[in-house]
Amino acid sequence: MGAVMRRRRRACFSARRRRPAEAPRTGGRGRACRAPAQKQRADKPHLSGQPDGERFRGPAAAPKAPADCRRQAARAFARRRGPEPERRGARIKISLTDNTKIVNLSFKPFAMISVQQVSTPQQLKQFIRLPYRLYRNDPHWIPPLLAEEKKYWTGHPGLRKNDVKMFLAYKNNKPAGRIAMMINKAYNELHHVHYARFFALEAADDAAVFDALLGRVEDEARKAGMTRIHGPLGYNNLDHQGLLVEGFDRPQILVSVYNKPYYKDHLERLGYQKEHDWVETRITLTDEAVEKGRRGAALIKRRFGIEAWQPANREEMVAQTDAIFKIYNRAFRQLHYMVPLDEEDIAYYKKAYINAMLPKWTFFGRDAKHDNRLVGLLLTIPSLGDAFRKARGRLFPLGWYHLLKALRRPKEIDIAITAVMPEYFSKGVAAVIFDRFHQVMLENGIRVFETGPVFEDNHNVLSNWKNFEHEQHKRKRVYGKDL
């Protein structure tokens, strides 16, 4: 029985190959081309091309249709399909006839944009990774470590103490932007206001995406009874805050922010206005300025008993954690957007930052006349921007090597925090601390350092640079809008 079936299949295959020469050549899907061919049988279309009385043994194997037949078939399919764009985003031309002239209008169909609140692990992963795609080829942006970003968005105490929502904008079902909104309860209670904050704004240069993201957080803020929204602002002044508005051609430093120039344009287009600015300064040490600072520090030490001090090892530095944050809370009390740190915040930042500080680049000012009480501090770090760019957001396999190399042989230094107790503002504590800082820089062959963000009206800090060769080369801004 099996042999019989095989013979029948072979005979059927041979019959297909021996199709009569006069049989019509088809133009795709068995449809006959308009070339000369045998008349089709109207009563039984499936027997087209078969002589009368011959048993049908399956469809004939159609050779590839000529080019003119394929074009005819494509035009016929287009007529049946009707007028519609060939592909998503293609231009469409519409002709309008008014008996006198024909007007051609060209436009692009609107892309579908939706904003969704982050609620799943997959969305959180998209939220965290979006900046890595937007800035992939930008040489100025510093990619943060992915592991640290995940800790920030899942373990920061601000997530539990404030009303925080994160949103993703999707364009044609692909992430195109992100934003986070927060109602900072401590700030509102301290200043007796009803403000919302936005932060972590990242998006492609698309007006529709910015409109959708900012429109969503504004709606959420109104529903919560807020009267104003401002940002970019984080949980407190130790977070990355502000929007870069000057210095787009300069590399980002680790303690500041970076964004594209179009962010500013979209925010101002939507009615956001300046509240306050930070400035960043690049400073070069000169022998004359260093010597002048040394003489001033010696005079202050004799008059007020202020002297510089550095911890000898990491244990000594970590032991001063409570004193560090006490100085921070008191020194920053009068600054804009200040939110005091509580014990939960201090525990988080101690683990995230203090344990990573180097004693060699940590400086304190203490009052020798009052039991060596700590009254000021200067926290600095070697410039790690290039190392982070080479690491591309990961410690492994070679990210740790680039970071370790930058820590051991720094070329520049970045200032993270400068703080002095309010009652010591007029006693020259900062001058004494910076004198020690300059000496350590010169001992290591370094002459350039860059300040972190300083409010443009914080003259107590900005006055420290007047005797040095300096360049104010970056500016970032907080925008606000009434709801």
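Let's start inside. The largest nonpolar core has 100 residues. Trp153, Phe437 and Phe449 have the most contacts within that core. Helix α15, residues 429-443, supplies the largest share, eight residues. Keep in mind that this is a predicted model.

As a general point, nonpolar side chains tend to be buried together in soluble globular proteins.

Back to Phe449. What does Phe449 contact, leaving aside its neighbours within four places in sequence? The list includes Thr281, Arg282, Ile283 and Leu285. Ile413 and Ile415 are on it too.

Now the whole chain. The protein chain has 483 residues, and 43% of them count as buried. There are 16 helices and 16 strands. Take the contacts with a separation of 6 or more: 74% of them join residues 24 or more positions apart. The accessible surface is about 27,600 Å². Carbon and sulfur atoms account for 51% of that surface.

Last stop, helix α3. This helix covers residues 121-134, 14 residues in total. From first C-alpha to last, α3 reaches 21 Å, close to the expected 20 Å. Where does α3 bend? At Ile128, by about 35°. A proline, Pro131, follows within four residues. Both Ile128 and Pro131 are buried. Gln123, Leu124, Phe127, Leu130 and Tyr132 are buried as well. And what covers the buried residues of α3? The cover includes helix α4 and strands β3, β4, β5 and β6.

Conventions:
Residues are numbered from 1 along each chain as its sequence is written. This is a predicted model: local features need pLDDT of at least 70, side-chain atom pairs count only at pLDDT 80 or more; totals for chains, interfaces and linings use all residues. Side-chain values use heavy atoms; hydrogens and water are left out. Helices (H or I, at least four residues) and strands (E, at least two) are DSSP runs, numbered from the N terminus. The expected span of a helix is 1.5 Å times one less than its number of residues. The bend at a residue is the angle between axes fitted to the seven residues ending there and the seven starting there. Buried means under 20% relative accessible area, exposed over 50%, partly exposed in between (1.4 Å probe, protein chains only). Contact means heavy atoms within 4.5 Å. Accessible areas come from the Shrake-Rupley method with a 1.4 Å probe; for residues, only the protein chains shown count as cover. A nonpolar core is a set of buried Ala, Val, Leu, Ile, Met, Phe, Trp, Tyr and Cys residues joined through side-chain atoms within 4.5 Å.
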